[in-house]
Amino acid sequence: VSKIEAGKMDLTFGDADLGEIVRGVMSTAAGLVKDKPIELVSHVPESLPLLQADSIRVRQILLNLVSNAAKFTDQGQIEVSVALMDDVEPPEVLLSVADTGPGIAPEDQAKLFEPFSQVDASPTRKTGGTGLGLSIVKHIVEKPGGSVSVRNNDPAPGCTVTVELPVQEDIR
């Protein structure tokens, strides 16, 4: 967080294979949900080209979102989806993580991306954490001009966090 606040967090763009990144994150996620009746699902188009992105940061973003979904979902499903939106200018990649957890109250969604913010800050809360993960995700996503949002899956249970990243042109 201090690196981000000091403007010292650099992104290193290179070829990023989102399919490979998602497979790695889902492999890690399997360990996070091994004791819960949760199905892990991913949707990545096979035709998705290599993108110019910081693959370490993209992995960090996805792992954080999937970890949060695993933390707050007791049963059901966690779904990771990737889509290339090439009909907008500039083109964007949409990364979304949807879960069947309890969802997030609309009044809590606004503070979700603030540093050290916890939706349940009570001393009796079931889950731990520092409240920094989504704040870091927001900074990483916004640095190259992206955005992050959250919405409840009404009427279905759970919520979806969506990250929009601009497609960086190949600089070679």
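Start by selecting S55: at 30% relative accessibility, S55 counts as partly exposed. Here buried means under 20% relative accessible area, exposed over 50%, and partly exposed in between, with a 1.4 Å probe and protein chains only. This is a predicted model: local features need pLDDT of at least 70, side-chain atom pairs count only at pLDDT 80 or more, and totals for chains, interfaces and linings use all residues. Residues are numbered from 1 along each chain as its sequence is written, and side-chain values use heavy atoms, with hydrogens and water left out.

**Stop 1: S55 and helix α3**

S55 is found in helix α3. Helices (H or I, at least four residues) and strands (E, at least two) are DSSP runs, numbered from the N terminus. Show the contacts of S55, meaning heavy atoms within 4.5 Å. Leaving aside neighbours within four places in sequence, S55 touches D15, A16 and I21. S55 and E20 are 35 residues apart in sequence, yet 9.9 Å apart in space, C-alpha to C-alpha.

Next, select residues 55–72, the whole of α3. The expected span of a helix is 1.5 Å times one less than its number of residues. For the 18 residues of α3 that gives 26 Å, and the end C-alpha atoms are 26 Å apart, which agrees.

Go to the N-terminal end of α3. Which residue caps it? D54 does, with a side-chain oxygen 3.2 Å from the backbone nitrogen of I56.

Colour the buried residues of α3: V58, I61, L62, N64, L65, V66, N68, A69 and A70. What covers them? The cover includes helices α2 (18–32) and α5 (133–142). It also includes strands β3 (51–53), β4, β5 (92–99) and β7 (159–166).

**Stop 2: the sheet**

Switch to the strands. Two strands pair if DSSP finds at least two bridges between them. Strands of a sheet pair through backbone hydrogen bonds, either parallel or antiparallel. Here five strands form an open sheet in the order β2-β4-β5-β7-β6, with mixed pairing. The edge strands are β2 (38–43) and β6 (147–152), each pairing on one side only. From one strand to the next, the twist averages 10 degrees.

Angles run from 0 to 180 degrees between N-to-C directions, and axes are lines fitted to C-alpha atoms, for helices over the stretch in contact. Helix α2 lies across β2, β4 and β5, at about 175 degrees to β2. Helix α5 lies across β6 and β7, at about 135 degrees to β6.

**Stop 3: strand β7**

Select β7. Is it enclosed or open? Seven of its eight residues are buried, so β7 is largely enclosed by the rest of the structure.

Look at its pairing with β5: antiparallel, over seven bridges. L94 stands opposite E164 in β7, and V93 stands opposite L165.

Turn to β6. Six bridges join β6 to β7, which run antiparallel. Find V148 and, opposite it in β7, V163.

**Stop 4: S81 in strand β4**

Select S81, found in strand β4 (residues 76–85). Is S81 buried or exposed? At 17% relative accessibility, S81 counts as buried. Not counting residues up to four places away in sequence, S81 touches H43, L94, L95 and S96.

Now show E79. The side chains of S81 and E79 make a polar contact at 3.5 Å. A polar contact is a pair of N or O atoms within 3.5 Å; within protein, one must be able to donate a hydrogen and the other to accept it, and residues adjacent in sequence count only if both atoms are side-chain atoms.

**Stop 5: salt bridges**

A salt bridge is a side-chain nitrogen of Lys or Arg within 4 Å of a carboxyl oxygen of Asp or Glu. How many salt bridges are there? The count comes to two.

Select D35 and K34 for one of them: their closest N and O atoms are 3.6 Å apart. D35 is exposed, and so is K34.

Finish with E142 and K138, whose closest N and O atoms are 2.7 Å apart. Both lie in helix α5, four residues apart, about one turn of the helix. E142 counts as partly exposed at 37% relative accessibility. K138 is partly exposed too, with a relative accessible area of 29%.
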